[in-house]
Amino acid sequence: SPRNCCSIHLNCQRAMAGATERRRLLPSSVDELLSAEPSAFAVENRLLLRGVVVRRKVLSRSLAFCTLKLEAHAEVEGPWQLEPPSPHRLRLGDPAQSEIVGDHQADTRATPQPPECMDLCFTVGVLDATGASAAEEEEAWGGGEENSCAGPLADLGGSWAPFPERRGDLPIGTRFEASVLLLPAYVQEPLVRRWRLLPEAASAIVALGTDASSVHDMALYHAARDAVNRKAREELRALGRGPALCKFWSSERSSPENACRDKSCTFRHYFVDSKEESRAELLEASKESSRAAAAQERQAYDEVDDQPHGNSKERKSRRAQCFAAWLLSLYGREALSAGGGVLDVAGGQGDLSWALSVEAGVTCTLIDPALRRGGALKSWQRRALRKSGTEAFAHLPVMFDEQHFGARASDGSSTSECHDGVEPPPSYAPFLQSASVVVGLHPDEATEAIVDLALSSGRRFAVVPCCVYAHKFPGRTLTSGLPVRTLNQFCAYLRAKDPRIQEALLDIEGRNKVLYIP
């Protein structure tokens with residue numbers, strides 16, 4: 001009724017206002033923290049965590065965040081436990097953080113599971129980088145000899161790490177342990193009091209039940225890339241060579257908006273000789289030519305009959321929600337949820353899968369070989385699922401190609417043959433055969449695979465092409481014999497595969513052309 005709706009609205013506003021009042025600004029010093037929160041260092045507010053870095057974000061010289069894939073934790077005066085702490089211990093089930101609807105709190109009867117990943121907050125005001133207070137605060141901490149993983153932090157002396165001012169100070173894939181403070185009145189994430197890197201390398205994160213050869217763990221990828229960069233810098237120093245030329249500084253004359261503004265930049269801001277300066281000028285001329293060609297292609301793309309949208313296009317950050325709304329208007333919620341539901345191919349972090357499954361209630365499966373944050377959702381998504389009690393979309397970390405999703409032979413065996421005693425990868429064809437629609441929002445290299453596999457399996461599809469990758473697929477040609485180089489040519493090439501393929505335009509900025517079978 002209208003009265004109940006007003007009551008719900010008022011209670012939600014009160015809950016949001018209360019949450020805003022309870023949340024305080026991060027303290028600039030420990031003295032400021034203790035004056036506002038005298039029990040900040042109480043036993044119930046302290047915890048020791050150990051795990052692997054799967055994501056990090058440095059916002060400034062005084063504030064940074066990271067996502068830790070938890071391996072173990074320890075209480076004050078307690079041993080290490082080789083498991084993540086409970087949600088209740090991490091204050092994830094506090095009534096103050098529950099969603100309030102009407103005069104009742106949201107249903108939280110479901111027992112929350114221990115989180116696999118935990119976001120941590122680094123702030124200069126709280127971080128004890130020197131370890132000056134470690135002996136006093138951690139005197140009775142950690143484990144004794146009864147657990148091989150145990151070790152009191154007070155014995156680590158001067159091994160504490162400073163504030164991570166750069167992303168390279170907190171490499172993805174490395175392991176560290178940290179003493180943290182649980183102060184939800186300031187920030188949802190635990191505040192790091194002190195931390196140190198561990199010498200052991202991070203173990204590989206492999207998704208169970210998938211073909212490990214096709215899984216691309218982004219944490220391991222970034223860790224390997226950081227290791228290569230560190231080794232290259234060490235080799236340059238060993239050879240007596242100076243730092244490399246800063247690409248942002250060298251392009252400053254032609255692109256002032258991209259000039260290097262990092263005062264602590266470790267790259268060179270000068271040319272060694274005239275030859276290097278000439279090479280930089282030629283490179284910038286080549287880039288400018290490429291930018292002009294790209295602008296001409298975008299102009300030709302945008303001049304397609306797009307007049308109904310005018311200047312009302314949604315920003316790029318809203319493209320997943322806009323595409324989901326378009327799919328619902330075209331196919332309908334019931335049709336999209338039929339069978340195994342929607343296959344979201346090359347969906348990256350799962351923005352489209354989230355919009356379809358969680359926000360619209362449509363069964364959806366994300367197909368993307370990349371594992372981000374060890375396969376965990378973003379922190380705000382995990383909080384939303386805990387509050388709503390709903391389940392997230394399924395994620396299948398495999399390549400969407402003929403090898404994994406191709407049709408089975410008539411006798412039920414895979415079309416791939418064994419070579420040298422090596423078994424072929426498992427087939428995921430049943431996922432494709434039971435799908436209602438195969439979709440892709442800027443799926444990059446998987447664009448043509450979506451069209452081909454959907455047509456061969458008799459599935460409907462809707463795909464928004466973006467990048468052409470002409471160098472990776474040089475065999476693509478139009479009916480006229482011209483090679484496929486631009487996006488418009490790529491769309492024409494895909495439409496020529498089947499006369500049923502239609503074209504539409506989304507109300508979003510950027511690449512908004514949809515190729516689909518209704």
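Predicted model: local features only at pLDDT ≥ 70, side-chain atom pairs only at ≥ 80, totals over all residues.
The structure contains eleven aromatic pairs. Phe122 and Phe176 are both buried.

Phe176 also pairs with Trp195. In this case the ring centres are 5.3 Å apart and the planes stand at 75°, so the pair is edge-to-face. Because Phe176 lies in strand β7 and Trp195 in strand β8 (residues 191-201), the pair ties together parts that are 19 residues apart in sequence. Phe176 has a relative accessible area of 0% and is therefore buried. Trp195 likewise counts as buried, at 1% relative accessibility. Elsewhere, a cluster linked by ring pairs comprises Phe400, Phe405, Tyr428 and Phe431.

Rings also take part in contacts with charged side chains. The charged end of Arg194 is placed over the ring of Trp160, at 5.7 Å from the ring centre. A further case is Arg268, which lies over the face of Tyr270, 5.3 Å from the centre of that ring.

Strand β7 also holds Glu177. This residue is buried, with a relative accessible area of 1%. The side chain of Glu177 makes polar contacts with two arginine side chains: that of Arg50, at 2.4 Å, and that of Arg196, at 2.9 Å.

The number of salt bridges in the structure comes to 16. One of them joins Arg382 and Asp119, with 3.7 Å between the closest N and O atoms.

Another salt bridge is formed between the side chains of Lys497 and Asp452, with an N to O distance of 3.1 Å. This pair, too, links distant parts of the chain: Lys497 is in the loop between α14 (487-495) and β16 (502-505), Asp452 is in helix α13 (residues 447-457), and the two residues are 45 residues apart. Lys497 has a relative accessible area of 29% and is therefore partly exposed. Asp452, at 33% relative accessibility, also counts as partly exposed. Lys497 and Asp452 belong to a network of salt bridges that also includes Glu448 and Arg476.

A salt bridge is likewise found between Arg500 and Asp498, where the closest N and O atoms are 3.0 Å apart. For Arg500 the relative accessible area is 49%, so this residue is partly exposed. For Asp498 the corresponding value is 14%, so Asp498 is buried.

Notes: Residues numbered from 1 in each chain as written. Heavy atoms only, no water. Phe/Tyr/Trp six-rings, centres within 6.5 Å; stacked < 30°, edge-to-face > 60°. Buried < 20%, exposed > 50% of the residue type's maximum accessible area, 1.4 Å probe, protein only. Helix = DSSP H or I, 4+ residues; strand = E, 2+ residues; numbered from the N terminus. Lys NZ or Arg CZ within 6 Å of the ring centre and 35° of its normal. Salt bridge = Lys/Arg side-chain N within 4 Å of Asp/Glu carboxyl O. Polar contact = N/O pair within 3.5 Å; in protein donor to acceptor, adjacent residues only side chain to side chain.
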